[in-house]
Amino acid sequence: MIELKHLRTLQALRQGGSLASAATQLYLTQSALSHQLNEIEQRLGYRLYLRKSQPIRFTPQGDILLELADRVLPQIQQALQSCSAPPKNTLRLAIECHSCIQWLTPALNSFRQIYPEVQMDFKAGVTFDPQPELQQGELDLVMTSDILPRSGLHYSTLFDFEVRLVLAPEHPLALQQQITPENLADETLLIYPVQRQRLDVWKHFLQPAGISPALKSVDNTMLLIQMVSAQMGIAALPHWVVENAEKQGLVVTKPLAEGLWRRLYAAVRDGEQHQPAVKAFIDIAHQHGGSLPFVRLA
């Protein structure tokens, strides 16, 4: 059976006019090219070109296969290019960080200016775990701080952010320079309505120390900050989320231990990170996220 490399070899032979020139084009030795041609001729059972002709002349069978090469190889090249950058009419996004909406909106607007034909389907992931839906093809991109091992997903770094304890200015812990897990044992921690294991403050700060404070769910960031200001509980949020409230004196923030830093990623199915629309959105999200206060680009 003839292979694509044989079709390419025939084209190179026609273009170069000699074995030596064709071998140079294909980065082969003349001996290796001659062996390849002899092998395919033996496999097919007929000659493809006339030996000792200058320039090389092809047999009728060689001409037929050259016509095939001229039709098939461009189609294959075009198909491979389409596979590398398939058109994307809809980009389905989800975020696990509810407060990311504050900086994601301008990033979405910038993306639309470059890809106005791509429809954006946005889903806030505060009450569900979106990464399995990404694996199953229900979503195209998820912003997350968690990496699933051996998941078939690719994670592009956006930026690092610090999770800080958010308190009312009158709270006793507001006088401390930094917070230990034990400081929170008797507090009410206001959280988004997700499983505890998906909370950075729980997974990376409280649980390792065996501390389990009371938890109260709040599904709105602004309401959560207002409740903290009213001394109805404390919270752990990215520092940039509460910047304005802190400037207004509504809340104060304190580092958790030496500082609880997390990394935000854009997760896509492995191989799709090179698609033009997906890559453009990741680059724009990285750029806008990097302009936030209290974050650092990795």
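Predicted model: local features only at pLDDT ≥ 70, side-chain atom pairs only at ≥ 80, totals over all residues.

Me: Why is Leu153 called buried?
Reply: Its relative accessible area is 11%, so Leu153 falls under the 20% limit and counts as buried. Leu153 sits in strand E6; strands (E, at least two residues) and helices (H or I, at least four) are DSSP runs numbered from the N terminus.

Me: What makes Asp146 buried?
Reply: Asp146 has 17% relative accessibility, so it is under the 20% cut-off. Asp146 lies in the loop between strand E5 (141-144) and strand E6 (153-167).

Me: How do you know that Asp146 makes a polar contact with Arg262?
Reply: A polar contact is a pair of N or O atoms within 3.5 Å; within protein, one must be able to donate a hydrogen and the other to accept it, and residues adjacent in sequence count only if both atoms are side-chain atoms. The side chains of Asp146 and Arg262 come to 3.4 Å, so the pair is within the limit.

Me: Which side chain does Asp140 contact?
Reply: That of Arg269, in a polar contact of 3.2 Å. Asp140 is in the loop between helix H6 (131-135) and E5. At 2% relative accessibility, Asp140 is called buried because that value is under 20%.

Me: Why is Tyr27 called exposed?
Reply: Tyr27 has a relative accessible area of 77%, which is over 50%, so it is exposed. Tyr27 lies in the loop between helix H2 (19-25) and helix H3 (30-44).

Me: What makes the phi of Tyr27 worth a comment?
Reply: Tyr27 has a positive phi of about 60 degrees although it is not a glycine. Most residues other than glycine have a negative phi, and most peptide bonds are trans. Lys52 also has a positive phi, near 65 degrees, and is not glycine. Lys52 is in the loop between E1 and E2, and its relative accessible area of 90% is over 50%, so Lys52 is exposed.

Me: Which peptide bond is cis, and where is its proline?
Reply: The bond from Gln54 to Pro55, with omega near -5 degrees. Pro55 is in the loop between strand E1 (49-50) and strand E2 (57-58).

Me: How do you know that the span of helix H10 is close to the expected one?
Reply: The expected span is 1.5 Å times one less than the number of residues. H10 (residues 276-290) has 15 residues and reaches 21 Å from its first C-alpha to its last, close to the 21 Å expected. Among its buried residues are Phe281, Ile284 and His288.

Me: What does the record say about residues 2-59?
Reply: An unreviewed UniProt entry annotates them as "domain: HTH lysR-type". UniProt positions are given in the numbering used here, feature names are shortened, and annotations may be inferred rather than shown by experiment. In the model, residues 2-59 are 60% helix and 7% strand, with end C-alpha atoms 16 Å apart.

Key: Residues numbered from 1 in each chain as written. Heavy atoms only, no water. Buried < 20%, exposed > 50% of the residue type's maximum accessible area, 1.4 Å probe, protein only.
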